[in-house]
Amino acid sequence: MLRLIAQQKRRLMRQSRRFVDLLEANLVKVAIGWFAIIGILTTLRLAGPAAPINVLSDAWAMMIGYAIIAVAPVLGYLVGVGAARALGRDFRLRYRFALFGSWQPIDALRARARPEFGPYGFLASLVFGLLLNVAIRTFEFFTAVPAMSANAPAWAQTMFAIMAVDLVVTSFFYMTSLALALRLNPLFPRMLFLAWAIDIYMQLFLASSLKTVGGLPETLHQPMLDLLNGNVTKVLIGSVIWLPYLLLSRRVNLTYRLRIPAPRDA
């Protein structure tokens, strides 16, 4: 049994390394594929808008919104890469908030030589989850929020706008976190905590905003609130699952904090 567990662990480690390496090597292709998918979804939405498009100007605001949705995660990733590059490989945080456990510092050269260094193993699942979360939330937006031209009621245009803002902001920060994770930047755990906090705030803000939107049909109140509550629940569940790992994992502490468990006293 122990041998089988060890074999499965090695297999999962190889798969996680393959996934991370392939992701980093094909980021341009991933971005092109992303733009292509968003383009298809946008075309489908524009083909059946909730309000008629009589002239091209009726769709300008809506098309700009879809364009920003497409660009936001890519821009977030580029900002994360740029920040990591500007800070440099030797950047270290002055103050630590992850004070749980007993650790001792280790220099970067020795850290990189250890087998548990890098965004692999269980940590690769978190990286994949960030990518998947952006994709799912985007797909939910395109399926749940109809295209709203300038001829739509004011409440409908407002609903479209605030839901789009929510998607843009959360996608941006999640992809910034992903970039910092792949670039092994010490800011990654804090940026992910910030992304979770912003996500929860945005859902609460949107729920409050939807209640005050004048003219919103009663039949839409509960479905929209259910959608936002579902988003909050997913963020809370994800943070509860991953927060202990980000604080106590040997891999996370070695990779992003350059420290290893302190030897126990005899």
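Contact here means heavy atoms within 4.5 Å of each other. With that settled, here are some notes to read beside the model.

1. **What you are looking at.** This is a predicted model, in which local features need pLDDT of at least 70, side-chain atom pairs count only at pLDDT 80 or more, and totals for chains, interfaces and linings use all residues. Residues are numbered from 1 along each chain as its sequence is written, and side-chain values use heavy atoms, with hydrogens and water left out.

2. **Overall layout.** The protein chain has nine helices and two strands. Both kinds of element are DSSP runs numbered from the N terminus: helices are H or I with at least four residues, strands are E with at least two. Starting at the N terminus, the order is α-α-α-β-α-α-α-α-α-α-β. Of the 266 residues, 42% count as buried. Buried means under 20% relative accessible area, exposed means over 50%, and partly exposed lies in between, using a 1.4 Å probe and protein chains only. Take the contacts between residues at least 6 apart in sequence: 81% of them join residues at least 24 apart.

3. **The nonpolar core.** In soluble globular proteins, nonpolar side chains tend to be buried together. A nonpolar core is defined here as a set of buried Ala, Val, Leu, Ile, Met, Phe, Trp, Tyr and Cys residues joined through side-chain atoms within 4.5 Å. The largest one has 68 residues, and the members that touch the most other members are Tyr66, Ile69, Phe141, Met163, Tyr174, Phe188 and Leu192. Two or more residues come from each of α1 (2-25), α2 (27-47), α3 (60-87), α5, α6, α7 (188-212), α8 and α9 (250-257). Helix α6 gives the largest share of this core, 16 residues.

4. **Tyr66 and its neighbours.** Which residues does Tyr66 touch, not counting residues up to four places away in sequence? They are Ile38, Thr42, Arg45, Leu46, Phe141, Phe142, Pro146, Ala147 and Phe160.

5. **Ser177, a buried serine.** Ser177 sits in helix α6 and is buried, its relative accessible area being 0%. Its side chain reaches the backbone oxygen of Phe173 at 2.9 Å. That falls under the polar contact definition: a pair of N or O atoms within 3.5 Å, where within protein one must be able to donate a hydrogen and the other to accept it, and residues adjacent in sequence count only if both atoms are side-chain atoms. Leaving aside residues up to four places away in sequence, Ser177 touches Leu130, Phe188, Met191, Leu192 and Ala195.

6. **The cavity.** The structure holds one cavity of 30 Å³ or more. On a 1 Å grid over the protein atoms alone, a cavity is a set of points where a 1.4 Å probe fits but cannot get out, and lining residues have an atom within 4 Å of a point. The largest cavity has a volume of about 90 Å³, volume being the space filled by probe spheres set on the points, which are joined across faces, edges and corners. Its lining consists of Arg137, Glu140, Phe141, Met163, Asp166, Leu167, Leu227 and Asn231. Helices α5 (122-144), α6 (154-182) and α8 (218-248) are the elements that give two or more residues to this lining. The lining residues divide into four nonpolar, one polar and three charged. In this scheme Ala, Val, Leu, Ile, Met, Phe, Trp, Tyr, Cys and Pro are nonpolar, Asp, Glu, Lys and Arg are charged, and the others, Gly among them, are polar.

7. **Two leucines with positive phi.** Leu184, in the loop between α6 and α7, has a positive phi of about 60° although it is not a glycine. Leu184 is buried, at 19% relative accessible area. Leu258 also has a positive phi, about 50°, without being a glycine. Leu258 is found in the loop between α9 and β2 (259-261), and is buried at 11% relative accessibility.

8. Phe100, in the loop between α3 and β1 (103-105), has its C-alpha atom 9.6 Å from that of Pro244, 144 residues apart along the chain. Phe100 touches Leu247, Leu248 and Arg259, not counting residues up to four places away in sequence. Glu24 of helix α1 is partly exposed at 34%, and the C-alpha atoms of Glu24 and Ala179, 155 residues apart along the chain, are separated by 9.7 Å.

Terms used:
On a 1 Å grid over the protein atoms alone, a cavity is a set of points where a 1.4 Å probe fits but cannot get out, and a pocket is an open set with protein on both sides within 12 Å along at least five of seven lines; lining residues have an atom within 4 Å of a point.
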